[in-house]
Amino acid sequence: MNKQQLAAKIWESANQMRSKIEANEYKDYILGFIFYKYLSDQEVEFAKSQGMSDEEIAALSESDADTVDYIKKELGYFIAYDDLFSSWLNAGSDFDVSNVRDALSAFARLIHPNHKKLFDGVFDTLQTGLSKLGENAAKQTKAISDLLQLIKDIPMDGKQGYDVLGYIYEYLIEKFAANAGKKAGEFYTPHEVSLLMSEIVADHVKDKEKIEIYDPTSGSGSLLINIGNSVAKHVDDENNIKYYAQELKANTYNLTRMNLVMRGILPNNILTRNGDTLEDDWPYFDENDPIGSYNPLYVDAVVSNPPYSQQWEPEHKENDPRYSRFGLAPKTKADYAFLLHDLYHLKPDGIMTIVLPHGVLFRGGEEGVIRKQLIEQNHIDAVIGLPANIFFGTGIPTIILVLRQKRTNTDVLIVDASKHFLKVGKNNKLQASDIKRIADTVIHRETTAKYSKVVSKATIRKNDYNLNIPRYVDASDEAESWDLHATMLGGIPEKEINQLDRYWQAFPVLRDSLFEKTSSDYSQLKISTDALKNGITQHEQVKVFSQDFLNEFSSFDDYLKSELIAPFIEIEDQQGQSINIAQQEAILSQELFTRLDPIPLIDKYQAYQLLDNSWQTIAIDLEMLQSEGFAGSKQVDPHMVSKKVKGKDTEVQEGWVGHILPFDLVQTTYLNDELHALKQKENRLAEISAEFEALLESLSEEEKEADTIKESNDAFINAAVIKAAKQLKAEIKQDAKQQTQENGAFEDESYEAKILKVDALITEEKKLKKTVKADADTLHLQTKATIETLSDQQVHELLERKWISPLLSELNKLPDDLINQLTTKVQHLADKYATTYGDVAKGCSYI
């Protein structure tokens, strides 16, 4: 399984196993055990790297003080062999919940002093919650054993392991958040929002050699990690990124630490605190050396998604340096307290992004005073309005504020992205194209009609420092209006034709070929509505537009092959380098935008979404090919399904699946004749079913009430008709033989003829089903053998068909889709005023 399939399998099982335990609680158990497995596997991997044999690893215990100290110094902790995750699995029926309690207690004792802040208490939530997994030790042991079996297949070693582990951890956190209701906000920021904030921050700090980032309300740490991942795309050494995190709730704070450690971040680059951000601010210092280790904490970037509009205690904070320049947030709403905290911790050239409720843009009182000061002192860089219902557990509208400590420009960019989303279940979700559209707009400070506007400070002053987005950007859909003159007398208003101006700018001659003026303000179609589509698609300018698009993308397939497939050919020749998956999509998107640049009308972000849709598949395959080797492309895996075996859900094998190359793709490419023959037989089976249904429908009510089929309920191919056929078969055959001899065959529409037809169809279907199953099994095994014996060149061809051909097909539809949109709009204008009031009145006069 790839990481997506493994994560989905673990979630499905975990959701069933948690039974009556709340999702918000159960996450602490499964994620805690995943982290313990990670630490155990890391220790074994480290021991092997130091030349220790399996026997020496099996002898690891607290009694060997020198080895314990050495491992603690290198890893920050020590786990005895008997306490390793793998040892719990090997114990089998001898495993007991007490093994876990003893191991976690030992872990707490054996943390190196230098890593106390990182590991101390990290398993407290897990340890104290074990009793909730069952009412007695036996049931707790069973629940834990099931969890261990569930997560044992997660790889934890090497580059691939970090990626798989991190993906699964993030996947589970998101799933638990979706099931945790309002509590989700305590620990999770939706991945898409994290990515958006990450892209904005990463662009700002991309030229720095060393980067420090801070999340003062870190939750599970996902937001901080996504920022780090985006920044890492632009730096030469990921180890030059330092992470600071603070979180109030202990169990959520533990998630932050686990998440950061499991991403392979160096322990010295992780600085975390469990405390109240507003009450217990940094500076960071070591209690053992408060003066020598004093660090007031100024960072390059701060990112946060604090609790919305919660109460706080502003009393006695007038002189707090975080707030003294701007004022204190009201006691009932701490939103600006969190914002000012973030701003305070920025370096002079730093940037911050914070998610807040929409009300901070326009509420008055103390908040109005703070907002005015932030604007006048030139800190607010951008306001981004997000879609409603984008966060788990709350549907309130939210925004992202982008602030800087020092800016040269004095304006504010306002973006209304509230209409750009995809509906997924009960929530709205930002798509990749939505994220890129927003990030590009912010980075390049673009003004776009009905989407974004750069607003001067003077304009904001005139609006009394109210930043409510609709004051500056009207993203509402225009209500359709009706022209009274055209409604009464006909014609198409010129002002409504002008609303299609973006099309006429691209096709200036087309307008004149479609419309002729009847007066200065009205026009009519030159051609009939029946000829409209052909008149537009066959117009010379439209044909040139379509051809220009094809010309720009005529070599795009060769480009994609050079970027995605050629590196594997070079690696096979021992001349190439691996693809940087984290950066590759950005490279492809830049090429896509470059090719689209001279083409009018096409929405480049719509094209980008098509690229991203394909990239999701491509990236998964690239990860496997680069981590497992090119041989993985010629591998097949057992296809495991869950079935009831003796009343229990059990995984059993049902054939095979391609590890990377899908069976259906291989069949259509190299086994098409066999596939076509099988499809013909399957089509005949479908025809038989249709004939059954038609025969049943053709029976009269009297025939349906006959004793032989009175049980029939007109169900499709119901058992009663089949039973009737069997009962009457011998008798009818005898009658048919006699009647044929005397009077000829039964009439085609007779009851007897229909029953005989049913019998013939039953016989044919039974025989054909056996043939289809045998042929399908044969084709399945042929496909397996074909994949396993593919040449490298054949693999390259199949990868091209899987990765590149579908993308090109979707991109090539864009010009036609746009032309169809124009045709629909012109058709609507023609239909809108085709029937005048006079026509209606004339029609009424005949009634």
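Let me start with a term: buried means under 20% relative accessible area, exposed means over 50%, and partly exposed is in between, with a 1.4 Å probe and protein chains only. By that scale lysine 429 is partly exposed, at a relative accessible area of 33%.

Now the ground rules. This is a predicted model, where local features need pLDDT of at least 70, side-chain atom pairs count only at pLDDT 80 or more, and totals for chains, interfaces and linings use all residues. Residues are numbered from 1 along each chain as its sequence is written, and side-chain values use heavy atoms, with hydrogens and water left out.

On to salt bridges. The term covers a side-chain nitrogen of Lys or Arg within 4 Å of a carboxyl oxygen of Asp or Glu. How many does a search of the whole structure find? The count is 48.

Back to lysine 429. Its side chain meets that of glutamate 192 in a salt bridge, 3.6 Å from N to O. Lysine 429 sits in strand 10 (residues 427-429) and glutamate 192 in helix 11 (residues 191-205), so the pair ties together parts 237 residues apart in sequence. Helices (H or I, at least four residues) and strands (E, at least two) are DSSP runs, numbered from the N terminus. Is glutamate 192 buried or exposed? Glutamate 192 counts as buried, at 13% relative accessibility.

Next pair. Glutamate 480 and lysine 832 form a salt bridge, with their closest N and O atoms 3.2 Å apart. This one links distant parts of the chain, 352 residues apart. Glutamate 480 is in the loop between helix 17 (457-462) and helix 18 (484-489), while lysine 832 is in helix 33 (residues 814-832). Glutamate 480 is partly exposed at 45%; lysine 832 is buried at 9%.

Third pair. Lysine 643 bridges to glutamate 654, and here the closest N and O atoms are 2.5 Å apart. The lysine belongs to strand 15 (residues 636-645) and the glutamate to strand 16 (residues 648-658), so parts 11 residues apart in sequence are tied together. Both are partly exposed: lysine 643 at 39%, glutamate 654 at 36%.

There is also a network. Salt bridges link Lys208, Glu212, Asp300, Lys347 and Asp349.

Three strands make an open sheet in the order 12-14-13, with antiparallel pairing. Strand 12 (492-493) and strand 13 (515-517) are the edges, each pairing on one side only. Pairing requires that DSSP finds at least two bridges between two strands. Strand 12 and strand 14 (residues 522-525) have two, in the antiparallel sense. Proline 493 stands opposite tyrosine 522 of strand 14.
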